[in-house]
Structures are given as structure tokens and as C-alpha cells.
Amino acid sequence: MVIQAQPDISELAGLIGNIAQNDGDYDTPIPALKFRRCSSTTDPMPCIYGLGVVLIVQGSKRVTLGDEIFDYGAGQSLIATVDLPVVSYVTRASSAEPFLGMWLELDARVIAQLAAEMEFAMPLQASTTRAMSVETLDEGLKDALTRLVRLLAEPSLIPLLAPLIQQEIVVRLLNGGHGPCLRRLVAVGSPNQQIAKVITWLKQNYTENVPMDDLAAKAHMSPSTFRQHFRAVVGMSPLQYLKNHRLQDARQLMLNENLDAGSAAVRVGYESASQFSREYSRLFGEPPNRDIRRMREATWASDGPRY
């Protein structure tokens, strides 16, 4: 068995640390690229991971998806291929060595286009797999990600060079350990692609009361097969996924638009305020009003953690 050497990510850590000098989330002039710094461990936080790659350059994290746990640290990357409701928290960080991470949003159309042009040594197995994977960073991918971050120092070149480096990153992801996970997302007619299409539809229509049989029809599957594949990809049932999305969005509405719990519940599709409060407390650990008050008192970032 060949053990992959840990890449030297000291330059990348230095570049990110120079930008993210205080705790928080950082947007960059490259819209798809964000950084995060945290000087202490954090409590478990329900959030949504979208299509993208997370790289930790210092510290470590734990992500729970359904009943599966993903632990990863410096020099490791995590990929999510569809919007996934997870519980995420920093497990190693200090003021001397803060957690430092980067998140790069990926474009499904670019992935599909490049995958169609590539030849792969191993054929893709016709199976359904979890839409998340963790891999150790290889030298080629590390070099491409480092060049993308370096580019922030040359803002006039970003419009021309950033798209090229981002395409290279996608090629290297497809050709590396994350490749099968990404390829299943764009393989025409694969269960993962069909589930991904349903998830895209749910993101736009989650306030509606849609029978599960209708969702199965959208995936061109029988109801039982649909539920089986959905759980295999997302780590939870379609109903759990829908509830999670509604509750996450209600939380953001209360934080960003100052809605009360009852108004937020109606906006995201709940007919019963008491049911909303029960399910909210089950997910976030506190009733809506208390949770929002705590977050505001802690001056927590209004957008919440993306990764």
C-alpha cells in the first residue's frame, strides 16, 4: 500500500493568514473563493454545504452528514456535489495556530464539460454513492490552488487568469481521488445525477407541499427506489432533507429580515407554528426566538458558515 506524502501547504497557509487576520469569513475578488479563520474550537452548527471544495490549511474540522462522520485537517480537502444539510464544527484551533480554511465554489456545467473531454483510467461504477468525500491534497492540486490565491495580489489579472486556473482545478479534482464523486454528479442518467436534479428543483420549490411520489417521478424512479437512492446520496430521507432546508432558510429570514418565528414559518411553508417551533428546537437546540437572540448577542455573522 502506497501512503501519500503530506503536501507542504505552508505557503498557502501564509497567504490565507495574511488576508484573514481576524476571525470570520472573508469574501475575495474571485467570487467563487472564500476564506475562514477561527481562533478557537466551535460548537456543532447545522448549515448547508453547496457544490464546492473545502481545503483546510491549518487546524481541523468535523462534518456530520446523516449518520456519517467526516474528520479532516490540514492538507485535506472535502468535496460536496449537491446541497447537503450537515453539522459542522472546528475541532482544532487556537490563538497561536488558528483554524484556516478556503472554500471554492464549483460549477456543475464546467465539471460536465471537462469530464466529457477527459479520458479516465477506470470506468465509473454504476452505483449510488454519498455526495461528499475527503481526500489528501496532491501536489498538482495544491499548486493550482496556491496559484489561485496568489492571483489575489494581481487584481487586474483576475478576470483573465482566474477562470483558467479554476478549470485546471476542476480537471485535477476529476483526475484525483474526488474524481468518482464528481463524475457521478454529471454522468447522464446516473442515480446521483437524477437525485441532484431533484435537489435543484427542491431548492427552488421547497415551500410547496410536494408528494414524495411526485419527486420520485421527477427522478424517473419508483418511490421506493427514489427513497433508497436519495438516502444513499444525501444521508437522510427526502422528507428530512426538505424539513432541514425549510428550517435553515427560516433561520436566515429571522436573522437577516428580522421576521418573527410565526412569519418565518409561514414563509418557508409551515402551516403549524407549534410544529415549526418543535422541529426548529430539534435541529438547532433552542426555540427560534431564543436561538436568534443568542446569535445576535454573540454578533454572529448574518450569513452563517458556508463551510
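**Exercise 1.** How are helix 11 and helix 12 oriented to each other: roughly parallel, roughly antiparallel, roughly perpendicular or oblique?

*Solution.* Before we start, note that this is a predicted model, in which local features need pLDDT of at least 70 and side-chain atom pairs count only at pLDDT 80 or more, while totals for chains, interfaces and linings use all residues. Residues are numbered from 1 along each chain as its sequence is written, and side-chain values use heavy atoms, with hydrogens and water left out.

Step 1: find helix 11 at residues 273-284 and helix 12 at residues 288-297. Helices (H or I, at least four residues) and strands (E, at least two) are DSSP runs, numbered from the N terminus.

Step 2: look at the axes, which come within 9 Å and cross at roughly 45°. Axes are lines fitted to C-alpha atoms, for helices over the stretch in contact, and angles run from 0 to 180 degrees between N-to-C directions.

Step 3: apply the classes: under 35 degrees is roughly parallel, over 145 roughly antiparallel, 65 to 115 roughly perpendicular, and the rest oblique. Helix 11 and helix 12 are therefore oblique to each other.

**Exercise 2.** Which residues of helix 11 meet which residues of helix 12?

*Solution.* Contact means heavy atoms within 4.5 Å. From helix 11 come Phe276, Ser277, Tyr280 and Phe284; their counterparts in helix 12 are Pro288, Asp291 and Ile292.

**Exercise 3.** In what order do the strands of the 4-strand open sheet lie, and which strands stand at its edges?

*Solution.* Step 1: the order is 3-8-5-6, with antiparallel pairing. Two strands pair if DSSP finds at least two bridges between them.

Step 1: strand 3 (45-49) and strand 6 are at the edges; each has a single partner strand, so one side of each is left without a neighbour in the sheet.

Step 2: check the pairs. Strand 3 is joined to strand 8 (residues 84-92) by 5 bridges, and Met45 has Ser88 as its bridge partner there. Between strand 5 (residues 60-65) and strand 6 (residues 68-73) there are 6 bridges, with Ser60 opposite Gly73.

Step 3: look at the hairpin of strand 5 and strand 6, where 2 residues lie between the strands and Gly66 takes a positive phi near 60°.

**Exercise 4.** Which strands stand at the edges of the 6-strand open sheet?

*Solution.* Step 1: read the order, 1-2-9-4-7-10, again with antiparallel pairing.

Step 1: strand 1 (24-27) and strand 10 (132-136) are the edge strands, each with a single partner strand.
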